[in-house]
Amino acid sequence: MSFHFHRFCDLKFCHGFGAWDLGVRVLLLVFVSFTAAVRADDLPRKTKAPRESYRNVDVIYDSVTTPEGKRLRTVITKPRHANGKLPVIFVAGWLSCDSVEAPAGTKDESGLVFRGLAQLPEFVLFRMDKQGVGDSEGVCSETDFDSELAGYRAGFRALKNYDFIDAKKIYVLGVSNGGGFAPLIPESDAEQAQVRGYISVGGWVKTWFEHMLEIERRRFALMGRSPGEVNDRMKSAATLYEEWLIKGRPIDDILKGQPQLADLWPEGKDHAHLYGRPLRFYQQLQQLNLAALWSRVRVPTYVLRGAFDWIMSRDDSELIAEYVNRNGDLASFYEIPNTGHTFQHYLSLADAFKGKSAPFDAKMIGLLADWLRNEAITHED
């Protein structure tokens, strides 16, 4: 905004009133500052939760724009008294339509981890909400994976716009679905060179078809089905998911032709979504080759999995570490005791399946912080 004070005070009643003149100047400075602040946060606030705040940490609410024109909320935290550029933790989030914001008083385990990382004095933390989540524009339940990935790529490229971020020292923290596709975010060779390390929490690396069969076997067993019943249901589940994910047929068409499969579909009568996302989202996941992707990673990688994670298989996490280690001694795998899929504290696998969590274990933050600090020191220029 451009405002010329001298033109305003050319008015007759301005002339000669020094005190009034000073007052007007002060008011105009306040107005211009307020206008600049409003323009800096051009994405309207939609959520009712208070903005994040921390002692000695600056919190910046900003946005990036996707190739489709959707503005996505970004939340950047940085140590208030830091000197120079700092390495950044870039978060690649989960599959569900839950926000990455972590206001004070949150009970969400991922939010508590983010609040802990936000207060590390050595790092900037960069998070973003996908389309239709939090303040972000769009509709999450209708956004496919390709569009979501384009949003993360826009956020990754925006890191260079902040003078306090060292865009050559990026650590990507992938959680759940993000723990599988994280290396897809830096698209070019130059962008891949900016990444100094990956953390995969509850990630996946096989095909999505395999994942669906594995999670269904665990789900049927945890529901209390007998071993024989589990095997019978798995025969039908294999047919259902092959028809959908491999052959690309609509769920409606599959169930009309084979109505006996209807009670296997996790979403009941909703044949257009799974876990809150459109079916094409998973068909695009099925097209990914994450094994080839992780096999090209040549930076330190920390692979974490909760011992009571019934969502993703231990085998997936071990394979990620194995594929990266084919390029050198780069990856380490650790299974966290008494932990669920994404940072939850459970006392048993049955509790994890029921969502009956125990109090949050703050040691989770230390696991991440210690690895990040060690890698940042190792890669000091």
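Predicted model: local features only at pLDDT ≥ 70, side-chain atom pairs only at ≥ 80, totals over all residues.
User: Let's start with V113. Why is V113 called buried?

Analyst: V113 has a relative accessible area of 0%. Buried means under 20%, so V113 with its 0% counts as buried.

User: Where does V113 sit, and what does V113 touch?

Analyst: V113 lies in helix α3. Leaving out residues up to four places away in sequence, V113 touches F343, F360, M364, I365 and L368. Take I365: V113 and I365 are 252 residues apart in sequence, yet their C-alpha atoms are 5.6 Å apart in space.

User: What makes α3 largely enclosed by the rest of the structure?

Analyst: The count does it: 9 of the 10 residues of α3 are buried, so the helix is largely enclosed. Those buried residues are E109, S110, G111, V113, F114, R115, G116, L117 and A118. What covers them includes the strands β1, β2 (71-79), β3 (86-92), β4 (124-128) and β5 (165-175), along with the helix α14 (363-378).

User: What happens at the start of α3?

Analyst: There, a side-chain oxygen of D108 comes to within 3.2 Å of the backbone nitrogen of S110.

User: What makes the pairing of S63 and D42 a polar contact?

Analyst: The side chains of S63 and D42 are 3.4 Å apart. Apart from residues up to four places away in sequence, S63 touches D42, L43, L72 and T74.

User: Which residues touch the most other members of the largest nonpolar core?

Analyst: That core has 72 residues, and F90, W208, L240, Y241, W244, Y282 and W294 touch the most other members. Helix α8 (residues 227-246) gives the most to this core, with 7 residues. There's also a second, separate core of 30 residues, and V113 turns up again in that one, together with I89, W94 and W371 among others.

User: What is W294 in contact with?

Analyst: Leaving aside neighbours within four places in sequence, the contacts of W294 include G179, G180, P183, Y198, W204, Y323 and N327.

User: On to the pockets. How much space lies in the largest pocket, and which residues are nearest its centre?

Analyst: The largest pocket holds about 650 Å³ of space. Its lining has 29 residues, and S96, S176, I311, H341 and T342 lie nearest the centre. Helix α7 gives the most to this lining, with 4 residues.

User: How do the residues lining the largest pocket divide by class?

Analyst: They split into 12 nonpolar, 11 polar and 6 charged.

User: What about the second largest pocket?

Analyst: The second largest pocket has a volume of about 240 Å³. It is lined by 13 residues, with P183, Q192, Y198, R296 and V297 closest to its centre. By class, that lining has 9 nonpolar, 1 polar and 3 charged residues.

Technical notes
Residues numbered from 1 in each chain as written. Heavy atoms only, no water. Core = buried A, V, L, I, M, F, W, Y, C linked by side-chain atoms within 4.5 Å. Buried < 20%, exposed > 50% of the residue type's maximum accessible area, 1.4 Å probe, protein only. Helix = DSSP H or I, 4+ residues; strand = E, 2+ residues; numbered from the N terminus. Contact = heavy atoms within 4.5 Å. 1 Å grid on protein atoms, 1.4 Å probe; cavity = no way out; pocket = protein on both sides within 12 Å on 5 of 7 lines; lining within 4 Å. Points joined across faces, edges and corners; volume = space filled by probe spheres on them. Nonpolar A, V, L, I, M, F, W, Y, C, P; charged D, E, K, R; others polar. Polar contact = N/O pair within 3.5 Å; in protein donor to acceptor, adjacent residues only side chain to side chain.
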